[in-house]
Amino acid sequence: MSLMLLIEQALNGLQYGVMLFLMAAGLTLVFGVMGLINLAHGSLYMIGAFACAAVAAATGNFWLGLAASLAAAAAAGALMELTVIRRLYARDHLDQVLATFALILVFSEGTRWAFGSFPLYLDIPRALAGPVRLPGGIDYPLYRLVLIGVGLAVAAGLFWLIGRTRLGIRIRAGEADREMIGALGVDISRLYTIVFALGAALAGLAGALVGALQSVQVGMGEPVLILAFVVIVIGGIGSIKGALVGAILVGMTDTLGRFLLPIAFSTFMERSQATSVGAALASMLIYILMALVLVVRPGGLFGRA
Amino acid sequence: MRRETVLNAVLALGLLAVPLAAQAMGEPFIVTLATKVAILALAGVGLNIALGLGGMVSLGHAAFFGIGGYAMAVLAAPVQAYEPLMTWPFELAGTKSMPVIWVAAMVAGALGALAIGALSLRTSGVYFIMITLAFGQMLYYFAISWPAYGGEDGISIYVRNGFPGLNTLDPIQFFALSYGVLMAALMVSWVLARSGFGLALAGARQNPVRSAALGIRPYSVKLTAFVISGAITALAGALFADLNRFVSPSMLSWQTSGEIMVFVILGGVARLFGPVAGAALFILLEHWLGGFSEYWKLFLGLALLGIVLFARGGLIGTLAGREVAHD
């Protein structure tokens, strides 16, 4: 029984991890190629969730909502890149932080203005509702299982895109030497817009998919954004592989920590005290993990430094 | 006199004159607003030492702001509950005395900055930004999930803490106290920038390799500056908690970090009075824009975007010219 619970929690951790990967992949791509730190990436996650919830509520169809979330986040990302972000590539990180912080304010308040302060709710599509029986007799929500599948499929697609396609070659070349690929005739500013919109679409997809599990509200993006930063720091900036490993590590550590630490503390502590101490420590666990990685490998697990 | 010196004098006297005039006209609300400006500017002065002098883009200074706030509440809450602060290993009573609380807040903030800085300074650039942000978030979640000090609800302190010889519940007297602390911190910041340590710090910021060749370890110099910065921001946190007579995890949130950074950049990075100008402008905007729209932060965001993209150097840079290094 306890083992089944553990497996269920591990699956939850994996699901959380692959959703974090969708966020972290976009951030790390944008940083790797353009050298830009984008705090407003969380806003794109929120835009995806709101687009999905609004379109799904209007049409009654989750899949249309999902398509809308991809389109809305990619469009918002491209617009953001064309109007603001491209002025920031040559600036220092401080200006990038401040400008993208300003973008968070604009997007958050704009969304609050358009949709109000109350959270929206997004239902899991009927075809994916309910549990599924896994081998070993574990009942697990089908939707979460699908999220794991989608996340891993996107990861595989991204590896293929970066490693095997012409766009991927350009992206890798852009990371290595942006002036050289410009000299070789690649339209860099278009490449940058495409990379940014791609990262935005991944964030929007994550927002829409997770939006069906949690409520859709203003400010939902930033906690995820900060976790995605932790993922990138652990995995190493600019590395997609690092983002995947880091995301699953963070997702697992957080979920299993919240599950196991209170149990571990209750072996030598009073139960209610163990619950609160365990919960408080579990909330810090991923940051402790990050600190450990920093001590051992300051450049991250797969970083170049 | 240099234009910036004149501007600094105008800012210092203006921040003093406005609440005095408001007091004379019987507008205690404006006195409280000015107090808020002074305290937030103090937090900015702290960050400016790390950011402006040391070039460390910390997006986690809410951690120290919150540590200061919680230091105040942890010391003062047992007094109002008639309980000792701790009974083991020795018995210690809480305190309602501001000077004691300030020292405790600064020590706590310095220790927090030492731990976070020692880890974060192993890296630089964009890593440093992300890591300080992450550690700030760690303390935020810790404060939420740790039930002993109010958890998500925070702690209320019913009576403002006392300062010998002053009635701190009188808005103008509390303002005078906050203003005095701000001026003292500005003095510290000014002396620091001109000291040998300040020059070493500037060297570590501009060229770490060359500093190291001169026998200055950039890591230790930067860490020292980060600790001083954290202590000053924690002092601001203690005062801010006293102003509101309330602390909650929101003091530790990433938005607070962002806002402290906005004060510094809005006013002008590495400018002595930059945080004062920035905090004053921020509070004015909040008050003025908040008056006609619930969504005032939308306009704040647009204004900030305009400033970053077009008015570099912040308010003081725009008004007093760009030069800053050769003085």
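Q: What makes residues 36–55 of chain B a "transmembrane region"?
A: The unreviewed UniProt entry lists that span under this name, along with others including 62–80 and 100–119 of chain B. UniProt positions follow the numbering used here, feature names are shortened, and annotations may be inferred rather than shown by experiment.

This is a predicted model, in which local features need pLDDT of at least 70, side-chain atom pairs count only at pLDDT 80 or more, and totals for chains, interfaces and linings use all residues. Residues are numbered from 1 along each chain as its sequence is written, with chains lettered from A and ligands numbered from 1 in the order in which they are written.

Q: How do you know what residues 62–80 of chain B are made of?
A: The span is 100% helix and 0% strand, with its end C-alpha atoms 26 Å apart. Helices (H or I, at least four residues) and strands (E, at least two) are DSSP runs, numbered from the N terminus.

Q: What makes the reach of H12 of chain B close to the expected one?
A: The expected span is 1.5 Å times one less than the number of residues. Helix H12 (residues 296–310) has 15 residues, and its 21 Å reach is close to the 21 Å expected.

Q: Why is H10(A) called roughly antiparallel to H11(A)?
A: Helix H10 (residues 240–265) and helix H11 (residues 271–296) of chain A pack at about 155°, with axes 8 Å apart. Axes are lines fitted to C-alpha atoms, for helices over the stretch in contact, and angles run from 0 to 180 degrees between N-to-C directions. Angles under 35 degrees count as roughly parallel, over 145 as roughly antiparallel, 65 to 115 as roughly perpendicular and the rest as oblique. The angle of about 155° therefore makes H10(A) roughly antiparallel to H11(A).

Q: Which residues make the contact between H10(A) and H11(A)?
A: Among them are A:Gly257 and A:Leu261 of H10(A), and A:Gly278 and A:Ala282 of H11(A). Two residues are in contact if their C-beta atoms, placed from the backbone, lie within 7 Å.
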